[in-house]
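Me: I am new to reading protein structures. Could you take me through this one, step by step?

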Amino acid sequence: MSDNKTELLPGFLPLVPNMPVLLTDNIACELGLSNGTQGIFRELVYDDQEDSVTDNMKNTIFPTTTTYIHKPLYALVEINSSQIETNLDGLQSKLIPISLVKKEFTVSIKQILGPLLEKNV
């Protein structure tokens, strides 16, 4: 979302390695991957094939300083409470690939900061 539609909140949630995260959906409850499970964000994984597309685009009219943004395939999240007993596809133990989902929500800043906003006006 653009920042002018978020009532003073950033339009994007930055993902920083080693930041705590919380699952908001039931992924596999029997494996301990359910709504409310806490984990640590480690990294985003991108499609290697997109690099070849970007290389082809670099030969076009775009300046060499152009930054290309790729959509990640999934996030790697360390969930120590998971019941997964084997490493997934060569990943470290307890490192779980979580597919990315776009969600939007509304927060009323006026309800949270109402008295503070009124004092500053």
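Reply: Start with a cut-off: buried means under 20% relative accessible area, and exposed means over 50%. Keep in mind that this is a predicted model.

Me: Is S82 buried or exposed?
Reply: S82 sits in the loop between β3 and β4. Its relative accessible area is 3%. The cut-off for buried is under 20%. Therefore S82 is buried.

Me: Which residues does S82 touch, not counting those up to four places away in sequence?
Reply: Contact here means heavy atoms within 4.5 Å. Leave out residues up to four places away in sequence, and S82 touches L31, L33, K94 and I96.

Me: N80 is in the loop between β3 and β4 as well. Is N80 buried or exposed?
Reply: The relative accessible area of N80 is 55%. Exposed means over 50%. So N80 is exposed.

Me: How far apart in space are N80 and G39, C-alpha to C-alpha?
Reply: In sequence, N80 and G39 are 41 residues apart. In space, C-alpha to C-alpha, the distance between N80 and G39 is 7.1 Å.

Me: What pattern does the protein chain follow along the sequence?
Reply: The chain has 2 helices and 4 strands. Read them in sequence order, and the pattern is β-β-α-β-β-α.

Me: How many bridges join β2 to β3?
Reply: β2 covers residues 38–45, and β3 covers residues 74–78. These strands run antiparallel. The number of bridges joining β2 to β3 is 5.

Me: Which residue in β4 is the bridge partner of A75?
Reply: β3 also pairs with β4, residues 95–99. This pairing is antiparallel, over 5 bridges. In β4, the partner of A75 is I98.

Me: Which residues make up the largest nonpolar core?
Reply: This core has 10 residues in all. They are L23, A28, L33, F41, A75, V77, I79, I84, I96 and I98.

Me: Which strands each supply at least two residues of this core?
Reply: Look at the strand ranges. β3 spans residues 74–78, and the core includes A75 and V77. β4 spans residues 95–99, and the core includes I96 and I98. The strands that each supply at least two core residues are β3 and β4.

Me: Which residues is I96 in contact with, leaving aside neighbours within four places in sequence?
Reply: I96 belongs to the largest nonpolar core. S82 touches I96 too. With neighbours within four places set aside, the contacts of I96 are L33, A75, L76, V77, I79, S82, I84 and L88.

Me: Which residues form a nonpolar patch on the surface?
Reply: L113 lies in helix α2, residues 109–120. L113 is partly exposed, with a relative accessible area of 31%. The patch has about 280 Å² of accessible area together. Its residues are I112, L113 and L116.

Me: What is phi of N18 near?
Reply: N18 lies in the segment before β1. N18 is exposed, with a relative accessible area of 53%. Most residues other than glycine have a negative phi. Phi of N18 is positive, near 75 degrees.

Me: What share of the protein chain do buried residues make up?
Reply: The chain has 121 residues. Its accessible surface comes to about 9800 Å². Carbon and sulfur atoms account for 56% of that surface. The share of buried residues is 21%.

Terms used:
Residues numbered from 1 in each chain as written. Predicted model: local features only at pLDDT ≥ 70, side-chain atom pairs only at ≥ 80, totals over all residues. Heavy atoms only, no water. Pairing = 2+ DSSP bridges. Core = buried A, V, L, I, M, F, W, Y, C linked by side-chain atoms within 4.5 Å. Buried < 20%, exposed > 50% of the residue type's maximum accessible area, 1.4 Å probe, protein only. Patch = residues over 30% accessible without salt bridge, like charges linked within 9 Å, V, L, I, M, F, W, Y side chains within 5 Å. Areas by Shrake-Rupley, 256 points an atom, 1.4 Å probe, with all protein chains shown as cover. Salt bridge = Lys/Arg side-chain N within 4 Å of Asp/Glu carboxyl O.
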